[in-house]
Amino acid sequence: MKPNGLFAAIGVLAVLGGLVWWTGKNPKPEAPATPASPKILAIPENQIEGLRIAKTGAEPIVLKNLAGNWAIAEPKQMAADQDAVKQLTGSLTALNADRLIDEHPASLNEFGLSAPTAEIDVTVKGGAVTKLLLGGDTPSGSDTYARVDGKAPVYTIASSTKATFDKSVNDLRDKRLLPFNQDKVTAISVTSKGPAFEFGKNGQGEWQITKPKPMRADSIQVDDFVRKLKEAKMDLAAPAVGKVDRTKVGAKVGSVAVTDNSGTQTLTVLKPVDAKETGYYAKSSLSDETYKLSGDFGDALKDKDVDSFRNKKLFDFGFNDPSKIELNGVDYSKAGDKWMSSAGQMDAPSIQNVIDKLRDLTAVKFMDKPAGAQALALAVTSGDNHKVEKVVVNKSGEEYNALREGELTVYAIDAKAVDDLQKAISGIKHYQPPKPAKK
């Protein structure tokens, strides 16, 4: 290397070394932390006992917490939507501003806070009241000016936060027509097509038809009916019909009475007078007014009789795997993954075919009394409690009917389903071990 090149390289190294030393002595300053959003309010939610929402051009709304349950006290007393009110109270527990605009404003006029567009009064235990005042929107329209009454600073809050407090009575009222406690229901009485009938729950928490006489209920059908009843709400987009003005309301579709731990409530569903009008009207025992019905409960109630909710399956074992079946006096028991009878191990797929056919046995209608001679005697043991279900199938001419042990209900069964079951029973065979593989 030439001397000049060597000296240049040494110079570059010296400069780099100096930079490393300087950087160590003068670390890069950290970026300033983003300032936290100023806090406007911090009120523990469990301390809030009352709310008052006053907006320009509207009647004030007053809400009260009565033993943990919110209710609307003004402009008139009515039940409140608990979730909607909790959204309000939750927003007040830690209300942050977007920005602090002026810590000591000379005037509130420019912020629209000398005559606020909205005022939210929060009453806490002990009676202290905090007033949140909302003014005009910022020039961009994305924020709103806000302050707490009695305190000088003016802040901005996001328009989405403002919308949280921009509520009407209809937004906050409980729109359910029957606000019953689903976990505490003891009886549901239904009148629609034919005589009235009633549901209740047995000791295992399963739905049963209790009136006009004890009968098995289709739990899936009843649960769906109760869910739709729970979701039946007032369609507040349509005007309510008072006691006097009944011109829009026509014939009765049906009614439901629900009894829970707080008592009995009733709901009556009615057709519109105008045949071109879709949907239904509903009148609750909790209100003097009749409302357009929101949801699909009207269709769930229309033309329903007791048979609509009866369990049409002959066996309840459903998708549980039976541990034992009895077919015309012959027992088949499951031991591990093997099916055994007095004749030895049986072919598992042929037994499973019978189980599938038993599971498919369904009433096509109900009869007043059995007919014909016994064709099949069936029993299935299933579940952790080893529940035993016994069924006798009778044949009358080309038709079949069945009786479950301990019941008076007579099930008329499709002949093909019985024929398929009998073929499956005839197809039960002994277990054949697999043949050894050819070498």
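This is a short chat about selected features of a predicted model.

Visitor: Let's start with strand 12, which strands does it pair with?

Guide: Strand 12, residues 187-191, pairs in the antiparallel sense with strand 17, residues 249-260, over 5 bridges, and 3 bridges join strand 12 to strand 13, residues 197-201, again running antiparallel.

Visitor: Switching topic, how many aromatic pairs does the structure hold?

Guide: The structure holds 10 aromatic pairs, and one of them is formed by F225 and F309, which are edge-to-face with 5.1 Å centre to centre and 75 degrees between the planes.

Visitor: Where in the chain do F225 and F309 sit?

Guide: F225 belongs to helix 5, residues 219-230, whereas F309 lies in the loop between helix 6 (297-301) and strand 21 (324-327), so the pair links distant parts of the chain, 84 residues apart.

Visitor: Are those two buried or exposed?

Guide: F225 is buried, because its relative accessible area of 2% falls under the 20% cut-off, and F309 is likewise buried, with a relative accessible area of 4%.

Visitor: Which residues form the aromatic cluster?

Guide: One aromatic cluster is formed by F197, F199, W207, F225, F297 and F309.

Visitor: What about charges, which rings do K230 and R310 sit over?

Guide: The charged end of K230 sits over the ring of F180, 4.9 Å from its centre, and the charged end of R310 sits over the ring of F366, 3.7 Å from its centre.

Visitor: Now helix 8, how far apart are its end C-alpha atoms?

Guide: The end C-alpha atoms of helix 8, residues 415-426, are 17 Å apart, which agrees with the 16 Å that its 12 residues should span at 1.5 Å a residue.

Visitor: Which residues of helix 8 are buried?

Guide: The buried residues of helix 8 are V418, L421, A424 and I425, and they cover an arc of only 120 degrees around the axis, which puts them on the same side of helix 8. On the other side of helix 8, K416, K423 and S426 are exposed.

Visitor: What do the buried ones pack against?

Guide: The buried residues of helix 8 pack against several elements, including strand 21, helix 7 (348-360) and strand 26 (373-382).

Technical notes. Residues numbered from 1 in each chain as written. Predicted model: local features only at pLDDT ≥ 70, side-chain atom pairs only at ≥ 80, totals over all residues. Heavy atoms only, no water. Pairing = 2+ DSSP bridges. Helix = DSSP H or I, 4+ residues; strand = E, 2+ residues; numbered from the N terminus. Phe/Tyr/Trp six-rings, centres within 6.5 Å; stacked < 30°, edge-to-face > 60°. Buried < 20%, exposed > 50% of the residue type's maximum accessible area, 1.4 Å probe, protein only. Lys NZ or Arg CZ within 6 Å of the ring centre and 35° of its normal. Expected span 1.5 Å × (residues − 1). Arc of directions from axis to C-beta. Contact = heavy atoms within 4.5 Å.
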